[in-house]
Amino acid sequence: MVEGWEWDDTLFAGSAGYYRRGRLPYAPGLAETLAGALRLDGRGRLLDVGCGPGILALDLAHLFHEVVGVDPDAGMIAEAGRQAAAAGVAGKTRWVRARAEELSADLGSFTVATFGQSFHWMDRDLVAATVRDLLRPGGALVHVSDLRTEPRGVDDLPHPPAPQAAIDDLVRDYLGPVRRAGRGVLSRGTPDGEATILARAGYLGPERLVVPGGQALERDVDDVVAGVYSMSFSAPHLFGPRREKFEADLRHLLHEASPTARFSARQPATEIFLWHTPPPLGRRDALPVEPA
Ligand SMILES: C[S@@+](CC[C@H](N)C(=O)[O-])C[C@H]1O[C@@H](n2cnc3c(N)ncnc32)[C@H](O)[C@@H]1O
């Protein structure tokens with residue numbers, strides 16, 4: 001649980017349509033890295049928890065027989081369905097609107113469960129236990145996020161970086177000094193320390209993998225605006241009737257920061273933690289994953 005904050009269904013309200021465009025992608029090679037580490041071969045079932053618009057689920061869909069994405073945000077689930085159809089994988093994907101805390105055995109059992117920058121929003125002890133029971137013996141829980149500890153300078157790239165500090169100031173001018181989250185505020189941010197929670201829930205591990213980033217990326221003004229709206233703390237609903245004015249101010253600020261209206265960024269590396277459920281008794285060689 002996030003201390004002093006209660007989840008509500010406006011957390012990412014209005015963000016879904018901006019998400020894929022606005023967020024920097026996971027590092028290229030993520031799917032191949034996971035396929036190698038977990039010996040994924042097109043069999044098995046993937047559960048993507050807090051799937052958003054299906055970023056991870058769709059990137060990994062070719063490695064599984066079936067994929068189930070779960071997210072409580074109606075816009076995210078609708079967007080994931082649209083993107084699955086566009087990618088030609090609607091037949092093997094299913095999108096369920098629910099909180100992770102509500103997952104039930106009706107969904108069947110899974111070989112792998114992924115959490116892409118979503119676990120911190122959940123009642124983590126409850127969800128860790130629920131997902132453990134949905135995973136087959138020898139299955140894997142995979143925690144995926146941008147690696148935040150490496151420098152990502154753009155001095156040698158053609159365009160300036162997006163003016164993040166000025167964007168943050170503008171958001172604060174409109175929404176106040178304390179980080180917003182749904183109908184509440186997060187005075188101390190979201191929690192880390194998931195290793196303690198997953199170990200306590202009986203998972204084995206973790207094994208840490210880093211998929212390197214560093215590639216030069218180019219972003220236009222619409223990409224940066226989409227990035228702002230993709231974040232829970234500056235999601236469209238928070239601006240209410242002042243949204244148009246906010247967006248005009250944001251676009252003005254961006255054009256001032258880059259006369260070409262282009263920005264450079266560096267692809268973040270992706271950090272993966274693999275956790276396993278114990279293999280069945282007598283099958284200690286069965287790690288990491290037992291296919292369907
Ligand atoms: C930062 S987005 C990540 C989306 C996607 N997994 C990715 O890697 O790009 C976090 C997602 O977690 C979802 N989320 C928040 N609280 C949740 C909960 N209690 N159960 C399931 N999903 C939740 C949000 O609706 C949002 O779509």
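These are my notebook entries on one predicted model, going from the whole chain down to single residues.

**Ground rules**

I number residues from 1 along each chain, as its sequence is written. Since the model is predicted, I ask for pLDDT of at least 70 for local features and count side-chain atom pairs only at pLDDT 80 or more, while totals for chains, interfaces and linings use all residues.

**Entry 1: the whole chain**

I looked up the overall dimensions to start. The C-alpha trace spans about 65 × 40 × 35 Å along its principal axes.

How much of the chain is buried? I find 38% of the 292 residues. Buried means 20 or more other C-beta atoms within 10 Å of the residue's own, with C-beta atoms placed from the backbone.

Of the contacts with a separation of 6 or more, 83% are between residues 24 or more positions apart. A contact is a pair of C-beta atoms, placed from the backbone, within 7 Å.

**Entry 2: strand β1 and Leu46**

Next I turned to β1 (45-49). Five of its five residues are buried, so β1 is largely enclosed by the rest of the structure. Arg45, Leu47 and Val49 point one way, Leu46 and Asp48 the other. Five bridges join β1 to β2 (residues 66-71), and the two run parallel; strands count as paired when DSSP finds at least two bridges between them. Leu47 stands opposite Val68 in β2.

Leu46 has 26 other C-beta atoms within 10 Å, which is why it counts as buried. Beyond four places in sequence, Leu46 is in contact with residues including Ala57, Leu60, Phe64 and Val112. Leu60 is 14 residues away from Leu46 in sequence, and their C-alpha atoms are 8.5 Å apart.

The largest nonpolar core holds 68 residues, and Ala57, Ala113, Val131, Leu141 and Val142 have the most contacts inside it. Such a core is a set of buried Ala, Val, Leu, Ile, Met, Phe, Trp, Tyr and Cys residues joined through C-beta atoms within 7 Å.

Which residues does Val131 contact, leaving aside neighbours within four places? They are Val49, Leu103, Ala113 and Leu141. Val131 is one of the buried residues of helix α5 (residues 124-134). I noted that the buried residues of α5 pack against β1, β4 (110-116), β5 (135-146) and α7 (194-200).

**Entry 3: strand β11**

Five of the seven residues of β11 (residues 270-276) are buried. β11 pairs with β5 in the antiparallel sense over seven bridges, with Ile272 as the bridge partner of Val144. Six bridges join β11 to β8 (residues 204-211), again antiparallel, and here Thr270 is the partner of Val211.

**Entry 4: the ligand shell**

Last, I went around the ligand. It has 21 residues about it, the closest being Gly50, Gly52, Gly116, Ser118 and Trp121; a residue is near if its C-beta atom, placed from the backbone, lies within 6 Å. I sorted the shell into 12 nonpolar, five polar and four charged residues. Here Ala, Val, Leu, Ile, Met, Phe, Trp, Tyr, Cys and Pro count as nonpolar, Asp, Glu, Lys and Arg as charged, and the others, Gly among them, as polar.

Technical notes. Buried ≥ 20, exposed ≤ 12 C-beta atoms within 10 Å, placed from the backbone. Contact = placed C-beta atoms within 7 Å. Helix = DSSP H or I, 4+ residues; strand = E, 2+ residues; numbered from the N terminus.
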